[in-house]
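Open the model in your viewer and keep the selection panel at hand. The stops below go from one chain to the contacts between chains.

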Amino acid sequence: MKIIGIADTTFARFDMGSSAVDELKSNGKGFKIIRSTVPGIKDLPVACKKLFDEKNCDIIIALGMPGPKPIDKQCAHEASIGLIHTQLMCNKHILEVFVHEDEAEDERTLIWLADRRAREHALNCLDLLFKPEKLTNNAGKGLREGFRDAGTLRM
Amino acid sequence: MKIIGIADTTFARFDMGSSAVDELKSNGKGFKIIRSTVPGIKDLPVACKKLFDEKNCDIIIALGMPGPKPIDKQCAHEASIGLIHTQLMCNKHILEVFVHEDEAEDERTLIWLADRRAREHALNCLDLLFKPEKLTNNAGKGLREGFRDAGTLRM
Amino acid sequence: MKIIGIADTTFARFDMGSSAVDELKSNGKGFKIIRSTVPGIKDLPVACKKLFDEKNCDIIIALGMPGPKPIDKQCAHEASIGLIHTQLMCNKHILEVFVHEDEAEDERTLIWLADRRAREHALNCLDLLFKPEKLTNNAGKGLREGFRDAGTLRM
Amino acid sequence: MKIIGIADTTFARFDMGSSAVDELKSNGKGFKIIRSTVPGIKDLPVACKKLFDEKNCDIIIALGMPGPKPIDKQCAHEASIGLIHTQLMCNKHILEVFVHEDEAEDERTLIWLADRRAREHALNCLDLLFKPEKLTNNAGKGLREGFRDAGTLRM
Amino acid sequence: MKIIGIADTTFARFDMGSSAVDELKSNGKGFKIIRSTVPGIKDLPVACKKLFDEKNCDIIIALGMPGPKPIDKQCAHEASIGLIHTQLMCNKHILEVFVHEDEAEDERTLIWLADRRAREHALNCLDLLFKPEKLTNNAGKGLREGFRDAGTLRM
């Protein structure tokens with residue numbers, strides 16, 4: 001029985017964690033889910049570290065929604081460095097699902113994007129855990145999570 | 001008996017540490033508080049590390065007030081990276097409560113902001129320590145510490 | 001028998017991993033290849049860490065294609081820091097083969113560049129593994145992977 | 001008997017290390033001083049690490065004077081990250097005393113600033129080592145090392 | 001018998017490693033030299049780590065020549081962070097000798113600069129290894145490697 005961790009924040013303006021959980025449950029079995037919510041994205045690295053070390057998670061989806069200001073971008077950068085560091089300390093994947101508030105032009109689109117990106121990374125999570133060869137089949141395909149795939153370059 | 005660490009600086013222009021201590025004492029019990037003050041925010045990471053390793057703190061609130069200049073922003077960035085690193089080394093949460101001097105237009109508002117952000121993170125601290133499920137109930141709610149909550153996105 | 005790891009992404013818009021594999025097989029023997037594909041470049045550091053620790057790779061070629069936006073540049077920066085950290089933890093080389101989408105003016109040239117850079121780093125990989133003295137013979141020669149060599153400075 | 005380390009550089013244009021040593025000796029006893037000088041600020045982190053590990057220092061004052069160019073700012077940033085990392089590895093404080101060449105308008109003022117900042121951090125060093133409660137009494141007081149204190153915010 | 005490591009790149013457009021080796025041999029004895037060449041500056045950190053761990057080097061001179069583009073500056077930044085990290089892991093000095101291509105106005109001057117900076121850091125290397133007190137005698141003297149010394153500030 002694999003354990004998938006979900007780490008998210010109260011800062012985010014959409015409940016991306018629930019989107020991820022819903023997508024996971026709709027598309028797989030043989031795992032259980034443990035969720036941990038923290039105030040902001042800079043709290044995510046240690047939340048993930050604890051999910052790995054204290055809850056025995058095998059993989060984690062870490063979700064956050066940085067604001068539009070320069071300080072928010074910097075927080076996202078610091079969180080990302082910490083999430084990569086956590087993965088190296090634990091030898092396990094954390095799928096970082098960050099949706100920047102300024103990626104969409106209105107709130108409706110932002111909701112759509114946050115939900116979709118969370119769901120597409122939930123599928124990546126299942127592939128990493130159960131069918132890694134599926135990812136290799138898609139190497140270099142220009143896949144994107146959320147918005148439309150960029151696709152393979154053409155001559 | 002849990003131990004909550006308070007790490008703050010002589011550089012800050014408002015005693016945010018005392019706001020946090022007051023809020024903690026007004027809203028919980030079953031813990032004791034240990035305080036450590038250092039000159040500036042770049043001294044906070046090791047101060048927190050020592051609070052964890054030498055004083056057995058279970059969680060820490062780290063408070064600082066970076067100045068408005070580019071060099072101050074860079075110091076805050078370096079301190080944040082160090083605080084995240086500290087958490088990963090110790091597997092414990094540090095709530096970073098930084099109030100940038102240029103976040104408010106006048107000193108009166110800055111005092112209000114610093115006091116309020118410290119108090120709201122003190123409540124987060126108690127939730128992380130005693131009622132983590134309360135945070136999960138607020139996942140994606142667009143909560144902010146200090147200024148008004150951004151709230152959940154609306155269709 | 002040496003083991004060469006290939007780590008690449010589904011985000012990339014060209015299958016650089018296959019170029020590297022082809023070049024390796026055309027130019028050497030005495031090794032086997034293990035490939036691991038992840039969604040994006042920020043997933044590469046732990047993918048490499050696992051290739052070293054769980055698959056006993058002796059060296060890795062990590063390939064990615066960051067997009068043209070500032071956030072993409074930042075992701076590449078974070079990935080690079082993580083890849084360097086991974087190497088220091090494992091005492092083994094990872095050849096980072098990043099091709100930025102805005103390095104070429106059209107898709108045709110970008111394909112050419114991605115293929116060529118992957119192949120030239122595959123040769124570097126073989127040299128590091130089997131003929132490190134060849135690299136010392138080329139010290140200071142202004143070699144470039146992909147575009148034309150800059151060459152040695154001239155009086 | 002406590003041991004205070006002094007780490008400084010040949011790059012700096014003022015002998016801040018001697019200012020710190022003089023201030024330490026004028027204001028305290030019960031300690032000895034060990035000095036280590038390196039070429040530039042990026043050499044300071046490992047110099048401090050060696051002072052902790054090989055010379056048993058209890059605390060270190062690290063002094064440097066970054067130049068005015070962007071590359072100098074970046075070196076200072078890298079050095080700061082390394083100094084924070086060193087502290088976390090050793091669980092001991094390093095007081096970073098950096099004076100940027102462009103902080104003062106003329107050489108005379110820069111000398112004054114470098115001397116004064118080094119001396120004020122020497123006093124912080126003694127407080128951290130022997131009277132940490134003195135720092136807590138000054139929490140939130142808006143203290144500055146070198147230039148005039150900013151002071152506590154006022155309603 | 002001390003062991004000095006030389007780590008350099010095929011990317012550099014001048015053979016700075018040979019300048020360093022020549023200067024070392026002309027100015028000292030009681031050491032042997034081990035050289036390791038890698039493709040680019042981001043490969044230097046692990047190359048140095050291996051020189052320390054596998055070849056027992058006591059100190060390393062790491063030489064590189066970043067190009068003039070923003071991406072080159074970023075690579076240099078990442079390499080520097082990695083080199084500092086390596087030193088902290090091994091408790092030994094690495095003298096970083098980077099010459100940026102845009103530091104000189106023509107190729108002739110760039111050759112002069114690269115050669116001279118490599119040689120002056122070779123002398124620093126010998127001092128760190130055999131006469132560290134010589135560096136302390138020069139603390140705060142405003143020394144520069146390559147271009148003219150800035151000198152001590154004057155009243």
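What percentage of the 155 residues of chain A count as buried? The figure is 59%, where a residue is buried if 20 or more other C-beta atoms, placed from the backbone, lie within 10 Å of its own.

Before you select anything else, note that this is a predicted model, in which local features need pLDDT of at least 70, side-chain atom pairs count only at pLDDT 80 or more, and totals for chains, interfaces and linings use all residues. Residues are numbered from 1 along each chain as its sequence is written, while chains are lettered from A and ligands numbered from 1 in the order in which they are written.

**Stop 1: chain A**

For the complex, the predictor gives an ipTM of 0.97 and a pTM of 0.98.

Now switch to a cartoon view. Chain A has five helices and four strands; these are DSSP runs numbered from the N terminus, with helices (H or I) of at least four residues and strands (E) of at least two. Followed from the N terminus, the order in chain A is β-α-β-α-β-α-β-α-α. The radius of gyration of chain A, taken over C-alpha atoms, is 15 Å, close to the 15 Å that the globule rule gives for 155 residues, so chain A is as compact as a globular protein of that length. That rule is 2.2 Å times the number of residues to the power 0.38. Along the principal axes, the C-alpha atoms of chain A fill a box of roughly 45 × 40 × 30 Å.

**Stop 2: chains B and D**

Select chains B and D together.

**Stop 3: the contact**

Which chain gives 32 residues to the contact, and which gives 24? Chain B gives 32 and chain D gives 24, two residues being in contact if their C-beta atoms, placed from the backbone, lie within 7 Å. On the side of chain B that touches chain D, helix 3 of chain B gives the most, with seven residues.

Technical notes. A residue is buried if 20 or more other C-beta atoms lie within 10 Å of its own, exposed if 12 or fewer, and partly exposed in between; C-beta atoms are placed from the backbone.
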